[in-house]
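Me: Hi! Could you walk me through this protein model, a bit at a time?

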Amino acid sequence: MSAPEASVQVSFKNRAKTALADRTLKIAIDRTTGTAEAKRAVAVAAFPEFQDARARGRAIKDHVIAYLDHYLEQFERNATASGAKVHWASDDAEARAIITRICLDAKARLVTRSKSMLGEEIGLPHALADAGIERVETDLAEHIIQLAGEAPSHIVWPAMHRTREQVAELFKIAHHPPPAADDPATMVQSARRELRAKFLGADIGISGSNFLVADTGATCTVTNEGNAELTTTPPRIHIVTAGIEKIVPTTAHALSLLRLLVRSATGGELTQYTTFHCGPKRPGDADGPEEMHIVLVDNGRTRMLANEFREMLRCIRCGACMNHCVVYRQIGGHAYGGTYPGPMGSVLTPVLNGLAGSRDLPNACTMNGRCAEVCPVEIPIPTLLRAWRIRSWRERLEPGSLRAGIGVWAVLARRPGLYRLASRIGVRAIRLFGKGGWITRLPLAGGWTAHRDLPRPTGRTFMDQYRAQQADKGDRP
């Protein structure tokens, strides 16, 4: 069982409660998300065409989704013509079987892996371990969480939940020799020294792909560390894993989306390394793998084509929705319990794991709409979360107490006079629990007051205050 699968067994509310009590976690999250939010704002302000670029990005993704079969077949033809072998996986189990079979047939003992959330989605790390194959994560943040035995907590910064001080302690235990100091430069140098021999000794390198280019059959990796290039080039075999929605018609379309991806993810204009891989090594090439395999994974994506979650297939995995989410910034990524955290995960986890075990995620959203505002391809995430809430209600997955409470509210809401009377009584009753202008405990609302204080009501309902205000305006000359 993968780490995300294991965490699903604990309720979201319990995971969130644990995360809210972890002050170190809050420090780690604030350090990264605050910086990411500020850098994105600067990058967008310096790019006057950003809104036009968003519209173009949305149009590109919508076009590809509408003609997905055409572009996937074109990609397969061109990738095959370039010497790559294309494999199709209908679900996570088939994807794991294909990849482990390639590794075992090659008698691989050491595999290096560049960061790929799809690999986490299909449970690849555990599949390789079960097959007796040593796996080395080469992304610095993935290296950190591999040492810690943890799953990623963010899709761009997998070790966001770890502070520099915690990382230093991990490296002191796992690196030989340990880093001489705990400043970032020294620790990066230590990781580089640990990983260099693994890069050069690996039998197989496994990467993800940010884009699949249909008219060339190329795959594209986007990184800032260069680890993807060292993962895909020295080993004898290169395996690419990618979701079928990563397809784009041409390189020009990939570059249009790249302008959105990098600004939204890190606040930069371009990453340090953007590499297009087109087949294995050819005669005369100085380097490159002897074999290239591309595993295209469905795993629920074609189901999304036909339902109300189709727009989620636009996602380019930038992480902006997480960096701006008020819920994520309080509880971090592990509390969500799935491969994908944050707002995007609250939409995708019910697709991957089923709604019955993840219905709390769509209900955790405050519906403030910030995720939709910053999404570079204009995915209406609150609308999709509301669709899951509707499904949950129709499938009667909500607790009986919630259904009863909403039933009582519905009775009152259909009777305006009774509703206003109940509201007036309720506001005055709630005031009795307030001290110093705040309410720290409230019967039947422990979920609200356990980790936050509520402002004490003024003593009048909104409608009463509104009527009084309008009456004052009417009395003025």
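**Strands and sheets**

Reply: Happy to! Strand β6 (residues 218-223) and β9 run antiparallel and are joined by five bridges. Keep in mind that this is a predicted model.

Me: Which residue stands opposite threonine 223 in β9?

Reply: That's tyrosine 273.

Me: What is the strand order in the open sheet of four strands?

Reply: The order is β8-β5-β6-β9, and the pairing is mixed. β8 (247-248) and β9 (273-277) each have a single partner strand, so they stand at the edges, with one side of each left without a neighbour in the sheet.

Me: Which helix lies across β5, β6, β8 and β9?

Reply: Helix α13 (residues 251-265) does, and it runs at about 165 degrees to β5 (211-213).

Me: Now β4. Which strands does β4 pair with?

Reply: Strand β2 (residues 110-113) pairs with β4 in the parallel sense, over three bridges. β4 also pairs with strand β7 (residues 237-243), again in the parallel sense, over four bridges.

Me: And which residues are the bridge partners of isoleucine 204?

Reply: Isoleucine 204 is the bridge partner of valine 111, and in β7 its bridge partner is isoleucine 237.

Me: Are the faces of β4 covered or open?

Reply: Both faces of β4 (residues 204-207) are covered. Ile204 and Ile206 are buried on one side, while Gly205 and Ser207 are buried on the other. As background, side chains in a regular strand alternate between the two faces of the sheet.

Me: Changing topic to rings! How many aromatic pairs are there in the whole structure?

Reply: A search finds five. In one of them, phenylalanine 309 and tryptophan 388 have ring centres 4.1 Å apart and planes at 15 degrees, so that pair is stacked.

Me: Where do those two sit in the chain?

Reply: They link distant parts of the chain, being 79 residues apart. Phenylalanine 309 is in the loop between α14 (301-305) and α15 (320-323), and tryptophan 388 is in helix α20 (residues 381-394).

Me: Is phenylalanine 309 buried or exposed? And why does tryptophan 388 count the way it does?

Reply: Phenylalanine 309 is buried, with a relative accessible area of 0%. Tryptophan 388 has 5% relative accessibility, so it counts as buried, given that buried means under 20%.

Me: What about phenylalanine 462 and tyrosine 466?

Reply: They form a stacked aromatic pair too, 6.3 Å centre to centre with 20 degrees between the planes. Both lie in helix α24 (residues 462-475), four residues apart, which is about one turn of the helix.

Me: Which residues form one aromatic cluster?

Reply: Phe12, Tyr328 and Tyr336 do.

Me: Where does the charged end of arginine 263 sit?

Reply: It sits over the ring of phenylalanine 47, 4.1 Å from the ring's centre. Arginine 403 lies over the face of tryptophan 393, at 3.9 Å from the ring centre.

Me: Last one! What domains is the protein chain divided into?

Reply: Domain 1 covers 12-162 + 203-303, and domain 2 covers 414-475. The C-alpha centres of domain 1 and domain 2 lie 49 Å apart.

Notes. Residues numbered from 1 in each chain as written. Predicted model: local features only at pLDDT ≥ 70, side-chain atom pairs only at ≥ 80, totals over all residues. Heavy atoms only, no water. Buried < 20%, exposed > 50% of the residue type's maximum accessible area, 1.4 Å probe, protein only. Pairing = 2+ DSSP bridges. Phe/Tyr/Trp six-rings, centres within 6.5 Å; stacked < 30°, edge-to-face > 60°. Lys NZ or Arg CZ within 6 Å of the ring centre and 35° of its normal. Domains from an automatic or database assignment. Contact = heavy atoms within 4.5 Å. Axes fitted to C-alpha atoms, helices over the stretch in contact; angles between N-to-C directions.
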